[in-house]
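This briefing concerns charged side chains and the way they pair within a protein chain. Please keep the sequence and the structure in view while reading.

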Amino acid sequence: MQIDVIETTGLGDRSYLVSAGGVGVVIDPQRDIDRVLALAEKRNVRIALVAESHLHNDYLTGGLELARTVGADYAVPAGDTVAYERVPTGDGDVLAAGPVRLRVMHTPGHTHHHVSYVLTDADGAVQAVFTGGSMLYGATGRTDLVGPEHTDELTHAQYHSVRRLADELPAGTPVFPTHGFGSFCSATPTSGDSSTVGEQVVVNPALTQDEQTFVDQLIAGLTAIPAWYTHMGPGNAAGPAPVDLSMPRPVDPEELAARLAAGEWVIDLRSRTAFAHRHLPGALNFELAIANFVTYVGWLVPWGAPLTLIGETEQQVADARRELVRIGIDRLAGAAIGSPEALAADREQASYKVSDFAGLAAAMAADPELVVLDARRDDERAAGGVRGSLHIPIHDLPGRLDEVPDGNVWVYCGSGYRASIAASMLARAGRRPVLVDGGYGDPDTGASAAGLHTQPATV
C-alpha cells in the first residue's frame, strides 16, 4: 500500500491518500479537493472511500464534495449530528475499499466522537494508523475546542485514547496525524516529521506522564483559540458548499480608493519590507509568502466583513484565495492587481520605517520613554519580553488600539510577521510605527543579543 501525504502548511495540517490495487482511500481532505483528484489521477486509482477522523475545528472539509464528486462512500463518526447522508463509523467497525481496510477506534479527546483509523490489508495485517487529532508527534490534539465545560473531561479522555492506541497497536506502526505541523489544534508544540507508535511511547506526554500530571500540564498550556474556529464545526456539520477557486472580481484604483476611505479590510499580500517601503494608506499587510497568512486573516478579519485583496500578480491573488476558502472565506469583495504606484492613480502613498532589535535598543537608549508594542501571544509573553514594552496580542489589537499612545510606536513579535500586521494597523489608526523585523529569540540578532530581553516579573 502506498500512503501519500498532502500537506497544507498554511494551516499546519495533513491529509492522506492510500492507494492499493487501483483503489484510493482519502483521510481528512481539505476543501480544495483538486489537489486530491490530481494525486489520485497520478496514482491511477479510483477513490472509493473518504473518511473523517472528526468534525474539524480549524478548516472546512472537502470530504463531502470529494465523495459526491467521485461517487465514494463518506465516513463520519456516528456520534456527530450532520445534515447529510454519510456512513456512520463506530468503534470496531471495519470499512473496506478494494484491498484496503480501515478499522475504527473511538479515540475521544480532541472531540467527543473523534475516531482513529487503523489501516490493514485484506489479511488484517496492520500497516499504519491515522490518528487525526489524537496521538500527534510528541503531543496530542487540544481538548478545549468543544467548549470550556468539556475540557477537563476531554483531556482525561485524550490521555486514555492515546494509551489505547499504544496498547493495541504494534510498536512499529507508522503514525499519520492530521494536526501537529503548526496547527493551533495541537495542544502543545509537536516535533518531528514522522513517527511510529513505539517512538511515541518514549516521547509523548500522554505515554510518559501519569494521568493527572498530563491533564494539568495540557490544560495549563492551552493557548488562545483562533476566532474563525467557532465557524468550522457548525460548517462541517451542515456540509460545506462546493469550493470556488475562481478569481475575485477586479477592482480598479477608484473603487479601491473608496474602499480604503471607507475603512474596509483591504489586504496587501506583498512582503512586509516591500509594504513598509510603499503602500496605499489604509491598507493592511498580511504577507502571503508566510505559512501564517490564513491563520491571522481568519483570526483578525470580522467574519463576513467585506475583504479586498491587493496582489502583485494574478497568481498571488489566486494563491491567497485558495488559502482563504479552506476556512470558509468565500465571498471576496474583489481584488486589485499591480504595484502601489499603479494602484494609487496619482494619490498619496504611505510608508514606515523597518529596523531590528539592535536598532530598537539604540532607539530606547536615546529615548527612555519610547513606546514599544509586543504583539505576541500571552504564552510567549509569559517567558519574558522587551523591558517596558506594552503587551497586546495581535488578535486583541483591533479592539485595543486606543491603549496604544499616539506618535511613534516600535512593534515586535516572535518573527516579524505579526508585527508587520500590527504596524499596518497602527499606521491606519494614525500612529507612526516602526517595524522590528526579526526573530525575538534569535541568538545572534534577537532581543537577548541586543540586551533587551527581561524576565516576566520585570517586563
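A salt bridge is a side-chain nitrogen of Lys or Arg within 4 Å of a carboxyl oxygen of Asp or Glu. Side chains of opposite charge can pair when their charged atoms come close. The model discussed here is predicted, and by this rule it holds 28 salt bridges.

- Asp-32 and Arg-35 form a salt bridge, with 3.1 Å between their closest N and O atoms.
- Asp-32 counts as buried because its relative accessibility is 1%, whereas Arg-35, at 22%, counts as partly exposed.
- A network of salt bridges links Asp-32, Asp-34, Arg-35, Arg-322, Glu-323 and Arg-326.

**Arg-14 and Glu-7**
- A salt bridge joins the side chains of Arg-14 and Glu-7, at 2.9 Å from N to O.
- Arg-14 is buried, with 4% relative accessibility, while Glu-7 is partly exposed at 35%.

**Arg-321 and Asp-244**
- The closest N and O atoms of Asp-244 and Arg-321 are 3.3 Å apart, and the two residues form a salt bridge.
- Asp-244 lies in the loop between helix 7 and helix 8 and Arg-321 in helix 11, so the pair ties together parts that are 77 residues apart in sequence.
- Arg-321 is buried at 5% relative accessible area, whereas Asp-244 is partly exposed at 39%.
- Beyond its neighbours within four places in sequence, Arg-321 is in contact with several residues, including Leu-245, Pro-248 and Leu-332.

**Annotated domain**
- An unreviewed UniProt entry places the feature "domain: Rhodanese" at residues 260–289 and 366–446.
- Residues 260–289 are 27% helix and 20% strand, and residues 366–446 are 26% helix and 22% strand.

Notes
Residues are numbered from 1 along each chain as its sequence is written. This is a predicted model: local features need pLDDT of at least 70, side-chain atom pairs count only at pLDDT 80 or more; totals for chains, interfaces and linings use all residues. Side-chain values use heavy atoms; hydrogens and water are left out. UniProt positions are given in the numbering used here, feature names are shortened, and annotations may be inferred rather than shown by experiment. Helices (H or I, at least four residues) and strands (E, at least two) are DSSP runs, numbered from the N terminus. Contact means heavy atoms within 4.5 Å. Buried means under 20% relative accessible area, exposed over 50%, partly exposed in between (1.4 Å probe, protein chains only).
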